[in-house]
Amino acid sequence: MSRHEHTNVISLSGGCHWCTEGIFVSLRGVRRVEQGWIKSESPNDTWAEGVVVYFDPKAIRAKDLIEVHLETHAATSRHSLRWKYRSAIYHRSAEEERDFRRSVAQFAQRFDRPLVTEILPFVAFKLNQENYLDYYRRNPEKPFCQRYISPKLDKLRQLYPNLVG
């Protein structure tokens with residue numbers, strides 16, 4: 001929970017934090033997205049690119065955010081930089097961990113390969129530098145945004161038109 005009334009929080013890593021931020025700021029019920037690096041207790045104990053999403057649970061459920069997360073990044077891809085660009089959902093309590101694991105297991109059936117998404121304990125967050133925040137909105141014409149973020153937003157609009165704000 002956050003300090004804002006009627007606002008919940010979920011933290012996610014899904015590859016590039018610019019891409020992940022671009023997706024979640026587009027959703028109805030999302031009040032704010034902070035983009036940077038998330039630390040967790042994990043075997044390599046490193047910081048990974050990620051976002052902290054503040055949302056109104058009356059407008060959008062954590063389960064919906066998890067579903068969008070899994071569908072809009074390479075949740076089945078194993079590669080050498082997974083320590084930095086991991087696919088993860090971070091919990092802050094045992095109850096959240098159970099709920100997140102249940103949601104991931106439910107959505108995993110949609111994929112033709114096993115998900116690599118980890119459910120990890122949230123330890124800390126570092127906000128990115130100011131000039132990299134809200135990256136897609138400020139730089140939609142940049143080649144990186146056109147190549148990676150725009151197609152993800154197109155997929156989001158196609159799969160979840162009722163969630164896009």
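In what order do the five strands close into a barrel? I began my notebook with that one.

**Entry 1: ground rules**

I am looking at a predicted model, in which local features need pLDDT of at least 70, side-chain atom pairs count only at pLDDT 80 or more, and totals for chains, interfaces and linings use all residues. Residues are numbered from 1 along each chain as its sequence is written, and side-chain values use heavy atoms, with hydrogens and water left out.

**Entry 2: the barrel**

I traced the barrel in the order β1-β3-β2-β5-β4, with mixed pairing. From one strand to the next, the twist averages 50°. I noted that helices (H or I, at least four residues) and strands (E, at least two) are DSSP runs, numbered from the N terminus. Two strands pair if DSSP finds at least two bridges between them. A reminder to myself: strands of a sheet pair through backbone hydrogen bonds, either parallel or antiparallel.

Next I picked one pair. Strands β2 (residues 30-40) and β3 (residues 47-55) run antiparallel and are joined by nine bridges. Ile-38 has Ala-48 of β3 standing opposite.

**Entry 3: helices on the sheet**

I followed helix α2 (residues 62-71) across β1 (8-14), β2, β3 and β4 (87-91); α2 runs at about 10° to β1. Helix α3 (residues 94-108) packs on the sheet too, where α3 touches β1, β4 and β5 (118-127). The direction of α3 makes about 150° with that of β4. Contact here means heavy atoms within 4.5 Å. Axes are lines fitted to C-alpha atoms, for helices over the stretch in contact, and angles run from 0 to 180 degrees between N-to-C directions.

**Entry 4: α1 against α5**

I learned that two packed helices are described by the angle between their axes and the distance between the axes. Helix α1 (residues 17-24) packs with α5 at about 35°, and the axes are 10 Å apart. On the α1 side I found Trp-18, Cys-19, Gly-22 and Ile-23. Their partners in α5 include Phe-144, Tyr-148 and Leu-156. By class, this contact has eight nonpolar, one polar and one charged residues. (Ala, Val, Leu, Ile, Met, Phe, Trp, Tyr, Cys and Pro count as nonpolar, Asp, Glu, Lys and Arg as charged, and the others, Gly among them, as polar.)

**Entry 5: salt bridges**

How many salt bridges does the structure hold? I noted 10, each being a side-chain nitrogen of Lys or Arg within 4 Å of a carboxyl oxygen of Asp or Glu.

I looked up the one between Glu-118 and Arg-86, at 3.8 Å, N to O. Glu-118 sits in strand β5 and Arg-86 in the loop between α2 and β4, so the pair ties together parts that are 32 residues apart in sequence. Arg-86 is buried at 2% relative accessibility, while Glu-118 is partly exposed at 31%. (Buried means under 20% relative accessible area, exposed over 50%, partly exposed in between, with a 1.4 Å probe and protein chains only.)

Then I turned to Asp-154 and Arg-157, whose closest N and O atoms are 3.1 Å apart. They are three residues apart in helix α5 (residues 143-159), so about one helical turn separates them. I also marked a network of salt bridges with shared partners, joining Glu-67, Glu-71 and Arg-110.

**Entry 6: Asp-134**

I found Asp-134 in the loop between β5 and α4 (135-138). Most residues other than glycine have a negative phi. Asp-134 is not a glycine, yet its phi is positive, about 55°. Asp-134 also forms a salt bridge with Arg-137, with 2.4 Å between the closest N and O atoms. Arg-137 is exposed at 58%, whereas Asp-134 is partly exposed at 23%.
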